[in-house]
Amino acid sequence: MHPDLGRQEGPDSRSIEGRVNEAVGLAEAIGLDVQRAEAVRLKILRPATLFGTGVLERLKQGIEEVQAAVVIVDGHLSPVQQRNLEREWQVKVIDRTGLILEIFGARARTHEGRLQVELAALTYQRSRLVRSWTHLERQRGGFGFLGGPGESQLEIDRRLIGDRIAKLKRELEEVKRTRELHRGARKKVPQPVIALVGYTNAGKSTLFNRLTNADVMAEDMLFATLDPTMRGLTLPSGRRVILSDTVGFISALPTQLVAAFRATLEEVLEADIILHVRDASHPDSMAQKADVEAVLRSLGLEKQVDAGLPEVLNKVDRLDEEGLAEQTRRVTGTALPLSALTGQGIDALLTYLDEALRDRQQVIAVTIDPADGRHLAWLYAHGEVLSREDDETGQAHLTVGLDPMELSRYQRQFPQSVIGL
């Protein structure tokens, strides 16, 4: 059930139907059989139960009719509200944050992913420790000679969770250092990094598979993939790049998850190009775009977002010409319409990436002695040879495009070279 507080106005607002459908999709993503879904209009929020007395009774009847095992409230519930609703309805109740954490817990595959999910879940659970269950009210005896009431079960649970959170944070710091070492290694043999970001189920993994011939799980499902994946990609010019597929974003993404997945999301911060993949056919596409940009801003990418990220308008095979034109008009950066499923527009995307990376290059003119094969091979391997002319003496006159980092490596390795910028 989605608590309807009144629809927000504006181009980025979501329809109530869209919000309910998204909540249903989240529930189905972990195999739940949704028997009933509805939006519940709320005039005021009740601090104790969220819903009013009449609504509580009506919903209870519906819960009993379908014999529900769990009720999902598509919004934030305080610990007290969650406890009171469970008492009132005699059924397990979880909120949106709890549901998303359940999905992440079921989908995480790598060691790092499991650490991040556990950290987020424990941080969430610690806020849920309230005096609501009898086993938390029992007192355990003290130790030593003083006796006394000892520690309550509630305090023990809180302390144990705190200890586990501290351990997980230390382990994730190790993961972060390992990632930094990997990034450092990539910079020594640098290849540009292109990161795919976007709303969950926008088609990032399908596009990733199409471009790299990978076999990343890609289904019409919210949060089909969680663990970041990186693969090599060869552009039409022959340039090698690294393509990174990241976890999808969603509206009201739990803050615990943003914090826990920060080590993973730092791959986006290091990317040379960030491609915002959007489901152009979705009725709430603009609202989804706003949600993604809000997360990117929270990661410190305000300048890139304000300047306008290149937007991959995916699933155009579901749009007519008028719909595609409308979506294109609303793009602030470069619009790249395509269909990752059919392959339409893929060539244009690859050409765009080639040109965007070429714009970052510095062009140098070099003259190389015919006997200096190592010098020539290095330029062909690490740069883009734009032109070459060999004179009568055999000397090669080259015009080469080099990324700034490669240029500095070139000047260190071949300090005696004659370079014209």
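The model is predicted, so local features need pLDDT of at least 70, side-chain atom pairs count only at pLDDT 80 or more, and totals for chains, interfaces and linings use all residues. Residues are numbered from 1 along each chain as its sequence is written, and side-chain values use heavy atoms, with hydrogens and water left out.

**Helix α10**
- Helices here are DSSP runs (H or I, at least four residues), and strands are runs of E of at least two, numbered from the N terminus.
- Helix α10 covers residues 285-298, and its end C-alpha atoms lie 20 Å apart, which agrees with the 20 Å that its 14 residues should span at 1.5 Å a residue, taken as 1.5 Å times one less than the number of residues.
- Because 10 of its 14 residues are buried, α10 is largely enclosed by the rest of the structure, where buried means under 20% relative accessible area with a 1.4 Å probe and protein chains only.

**Helix α7**
- In helix α7 (residues 204-212), 7 of the 9 residues are buried, among them L207, F208 and L211.
- These buried residues pack against several elements, including β5 (193-198) and α13 (346-359), contact meaning heavy atoms within 4.5 Å.
- Just after α7, N213 takes a positive phi of about 55°.

**Helices α2 and α3**
- Helix α2 (residues 53-66) and helix α3 (residues 79-89) pack at an angle of about 60°, with their axes 10 Å apart.
- L56, E57, L59, K60 and I63 of α2 meet L85, E88 and W89 of α3.

Note on methods: Buried < 20%, exposed > 50% of the residue type's maximum accessible area, 1.4 Å probe, protein only. Axes fitted to C-alpha atoms, helices over the stretch in contact; angles between N-to-C directions.
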